[in-house]
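Subject: Two-chain model, handover and notes

Hello,

Here is the model I said I would pass on. My notes on what turned up in it follow below the structure.

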Amino acid sequence: MALIKLEDVSKLYGFGDATTLALDEVSLSIDKGEFVAVMGPSGCGKSTLLNVMGLLDKPTHGTYKLNNRLVDRLSQNRAAKLRRDTIGFIFQSYNLLPRLTVLENVALPLAYKGVGVTKRLKTASSMLERVGMQNREYFYPYQLSGGQIQCAAIARALVNEPSIIIADEPTGNLDSMGSRLVMELLSEIHKMGNTVIFVTHNPELTRYATRVVYMHDGMVIQDEKTSLGEVAKTAKKRLYTIPKKSVEDDLAGVSLLMKLPKKEEGIDASSKKRRKRRGRS
Amino acid sequence: MSWRTGHIHTAIVTMRVNRWRSILTMFGIIVGVASVIIIIGISQGVKANITNQVNVYSKNVITVTSKAASLSSFGVSSVPAVSTLTNQDVKSIGKIKGVKYTVPMVILSGITSGDKNYKDGVVIATNAYLPKVLNQSLAFGSFFSATDTNQFSAVLGYNAAQGLFNEQIPLGFSLNWRGEQFIVDGVLNNFKVTPFSNNTIYNHAIFISTKAADQMKLDSNNSIFQILVRVNNAKQLTTVDKEISNVLQQNHGGQDNFSVLMPSQVAKNNTGILNLLAELTIGIAIISLFVGGVGIMNVMLVSVTERMHEIGIRKAIGASNRQIMSQFIIEATSVSVAGGIIGIILALIVDGLLNLSTSLTPTINWQIIVISAVVSMLIGIVFGSVPAIRAAGKEPIEALRNE
Ligand SMILES: Nc1ncnc2c1ncn2[C@@H]1O[C@H](COP(=O)(O)OP(=O)(O)OP(=O)(O)O)[C@@H](O)[C@H]1O
Ligand SMILES: [Mg+2]
């Protein structure tokens with residue numbers, strides 16, 4: 001049974017001539033325990049897809065079943081509750097609250113759950129220990145490096161013990177060291193049985209994933225299962241313009257623990273017949 | 001609920017970060033709360049004083065005034081020249097059963113001079129029973145008696161003695177008034193002065209006997225501004241009060257041109273103007289509180305816009321609309337309650353200073369202080385709710401897009 005099940009989900013922005021079709025009848029199901037990388041060129045709808053899956057945004061058309069429950073038309077408050085209890089978010093720009101300490105930031109989701117102050121600080125503290133930040137509890141975000149902030153943000157995403165982690169370019173602002181730190185953490189979370197969905201532009205990071213979903217123009221154009229530790233075949237072929245930031249980006253995620261794949265086997269996505277667009281605009 | 005603790009913490013952090021903005025926002029509340037407490041304190045203090053003095057100086061005393069003369073509570077200068085009370089009234093009242101002393105108070109014009117001219121002085125012709133009616137003793141000398149042969153003697157109010165003579169104890173000294181010489185027989189003790197009471201006039205008075213005035217052929221009939229009537233005991237106050245009204249009604253041919261005031265009414269009359277002032281000031285203070293509330297609303301709306309991204313983050317990690325709303329209402333309430341507390345402290349300081357440096361003795365009314373605190377809290381809740389609802393209603397993804 002699929003944990004996340006999207007059926008013909010479309011998302012339209014704007015109206016009239018300015019309408020953008022950010023998601024174009026996407027059907028996708030993700031099982032519990034998958035580690036999904038979402039890839040694709042800029043503007044193809046990756047963030048939109050993650051926002052819909054994370055209940056931050058509602059689809060314009062189509063149905064979304066989370067845990068077999070229809071959630072595409074939830075009220076704000078029900079969505080908030082479901083988000084709080086089942087989904088943890090990690091953002092590219094970290095999004096810690098600048099005026100709270102790391103510990104208070106991590107404890108915040110528990111506060112919204114109604115956990116008492118002593119207990120939530122204790123839980124937050126042990127969560128920070130798990131991400132290796134135990135001696136930075138009373139630091140403010142501006143006193144930390146990007147990698148450290150993202151680790152704290154991961155602790156915050158985990159503190160409510162959500163079953164799904166949604167990370168939109170979690171390594172986008174990080175150097176190779178930071179990226180590795182974050183990805184190792186995510187794969188640890190994955191190993192504990194959580195479902196992780198993340199967006200990346202870096203094909204190297206598909207080594208961590210068990211499945212890679214490729215998007216283009218609001219559509220899923222390829223869906224590939226990969227084995228852990230190997231760069232996804234399609235990603236390697238660079239069918240898409242992958243924005244290359246620096247040498248470090250290429251090195252990012254190249255864990256010493258992981259071996260390079262021996263041979264390359266290309267699947268040319270462009271040779272596949274693309275589904276006819278049936279935009280309803 | 002325990003998450004509220006977090007909101008108060010956030011509210012305090014926000015106030016600390018935007019310290020100046022918060023203080024300026026509180027300003028209307030501070031001014032409103034402080035002025036309400038100060039004004040009510042002053043007016044209650046003054047009222048308490050007046051009531052005390054009525055108890056001291058006018059115990060068991062019924063005051064009869066001419067209707068036209070009732071404005072005299074404004075002070076010496078505005079005593080009207082024409083009164084409706086007559087010598088016949090004085091006589092008639094004297095005959096009523098239960099009346100112990102009847103004392104006419106006749107105001108006469110003309111400058112008095114002793115060692116110096118005394119411009120603030122007012123000459124009051126009265127009879128020997130005045131000190132007994134007013135419960136007032138003499139500092140020096142004695143009051144003229146009913147059987148006095150020397151009718152041209154004067155008794156001075158405390159300030160009048162200082163205003164007329166260089167001597168500390170001017171007993172036996174003479175003063176001139178309208179071409180006649182008066183010998184000072186005595187000086188009254190100082191009447192405790194409160195704003196809006198009649199006692200001021202007594203301290204500035206030169207008391208002469210009505211007999212002397214008669215001898216000078218002065219028409220006292222049109223100048224009796226008050227008749228003070230002392231009854232034997234408090235139980236008789238009501239019956240005597242009624243009887244005086246009846247008698248005067250007859251004397252005046254049914255005209256209602258006089259008033260008969262019980263001791264309690266005297267105090268009330270004197271504080272009427274004070275009440276009016278207090279009500280006006282409280283009206284202005286309420287406007288100030290309202291303006292303060294609108295100020296809080298305005299600042300909170302700006303704050304909500306500025307912090308849209310923060311709202312988005314909070315929603316993404318599971319805050320419900322209600323929780324976002326309470327956060328902003330608590331923030332607005334913290335600002336208004338802080339303003340209220342500062343206003344209360346300011347009022348207490350001002351009350352203390354007034355107590356030390358003026359004759360006012362503002363009372364500290366705990367009920368008013370508690371009400372002020374509650375009202376400032378309500379202001380925060382009421383005026384904070386509009387921005388809070390706006391903050392809560394945002395779609396999380398839209399809020400997150402605001403950087
Ligand atoms: N609020 C919005 N209003 C209008 N159009 C939007 C809005 N948000 C996104 N879009 C459009 O939807 C499309 C998909 O955007 P999305 O952010 O999902 O892309 P993305 O794949 O995450 O890109 P990137 O890799 O640059 O983050 C884009 O064409 C974008 O212009
Ligand atoms: Mg994106």
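A residue is called buried here when its relative accessible area is under 20%, and exposed when that value is over 50%. By that rule, 54% of the 281 residues of chain A count as buried. Please keep in mind that this is a predicted model.

Chain A

The secondary structure of chain A amounts to 8 helices and 10 strands. Among its contacts with a separation of 6 or more, 70% join residues 24 or more positions apart.

Helix 1 of chain A, residues 46–53, is mostly covered, with 7 of its 8 residues buried. The buried ones are A:Lys46, A:Thr48, A:Leu49, A:Leu50, A:Asn51, A:Val52 and A:Met53. Just after this helix, A:Leu55 has a positive phi of about 65 degrees.

Nonpolar cores

The largest nonpolar core contains 85 residues, and those with the most contacts inside it are A:Ile4, A:Leu6, A:Met53, A:Tyr64, A:Leu66 and A:Ile197. The element that gives the most to this core is helix 2 of chain B (residues 19–57), with 13 residues. In soluble globular proteins, nonpolar side chains tend to be buried together.

What does A:Tyr64 touch, leaving aside its neighbours within four places in sequence? Its contacts include A:Ile4, A:Leu6, A:Val52, A:Met53 and A:Leu55, and also the charged residues A:Lys5, A:Arg69 and A:Asp72.

Two buried loop residues

A:Glu34 sits in the loop between strand 2 (20–31) and strand 3 (35–39) of chain A. Its relative accessibility is 8%, so A:Glu34 counts as buried. The side chains of A:Glu34 and A:Arg211 are joined by a polar contact of 2.9 Å. A network of salt bridges links A:Glu34, A:Arg211, A:Asp223 and A:Lys225. Beyond four places away in sequence, the residues that A:Glu34 touches include A:Ser29, A:His190, A:Asn194 and A:Thr210.

A:Asn160 is in the loop between helix 5 (146–158) and strand 7 (164–168) of chain A. A:Asn160 counts as buried because its relative accessible area is 7%. Its side chain reaches the backbone oxygen of A:Arg84 at 3.0 Å. Not counting residues up to four places away in sequence, A:Asn160 touches A:Arg84, A:Asp85, A:Pro109, A:Leu110 and A:Lys113. A:Gly88 is 72 residues from A:Asn160 in sequence, with 7.8 Å between the two C-alpha atoms.

Salt bridges

Over all chains, the structure holds 13 salt bridges. Side chains of opposite charge can pair when their charged atoms come close.

- A:Arg73 and A:Asp72 form a salt bridge, with the closest N and O atoms 3.9 Å apart. A:Arg73 is exposed at 52% relative accessibility, whereas A:Asp72 is buried at 5%.
- A:Glu204 and A:Arg207 meet through their side chains at 2.9 Å, N to O. A:Glu204 is buried at a relative accessible area of 19%, and A:Arg207 is buried at 1%.
- B:Arg314 and B:Glu310 meet at 2.8 Å, N to O. They lie 4 residues apart in helix 10 of chain B, about one turn of the helix, and both are buried.

The interface

How many residues of each chain are in contact across the interface of chain B and chain A? On the chain B side there are 31, and on the chain A side 26. The area buried between the two chains is about 2,400 Å², with carbon and sulfur atoms giving 54% of that area. B:Ile313, B:Ile317 and B:Ile397 supply 24% of the area that chain B buries against chain A, more than any other three residues.

On the side of chain B that touches chain A, two or more residues come from each of helix 1 (3–17), helix 10 (308–316), helix 11 (321–357), helix 12 (366–393) and helix 13 (396–401) of chain B. Helix 1 of chain B has the largest share, 7 residues. By class, this side has 11 nonpolar, 12 polar and 8 charged residues.

Regards

Note on methods:
Residues are numbered from 1 along each chain as its sequence is written. Chains are lettered from A and ligands numbered from 1 in the order in which they are written. This is a predicted model: local features need pLDDT of at least 70, side-chain atom pairs count only at pLDDT 80 or more; totals for chains, interfaces and linings use all residues. Side-chain values use heavy atoms; hydrogens and water are left out. Contact means heavy atoms within 4.5 Å. Buried area is the accessible area (1.4 Å probe) that two parts lose on being put together, summed over both. A nonpolar core is a set of buried Ala, Val, Leu, Ile, Met, Phe, Trp, Tyr and Cys residues joined through side-chain atoms within 4.5 Å. Buried means under 20% relative accessible area, exposed over 50%, partly exposed in between (1.4 Å probe, protein chains only). A polar contact is a pair of N or O atoms within 3.5 Å; within protein, one must be able to donate a hydrogen and the other to accept it, and residues adjacent in sequence count only if both atoms are side-chain atoms. A salt bridge is a side-chain nitrogen of Lys or Arg within 4 Å of a carboxyl oxygen of Asp or Glu.
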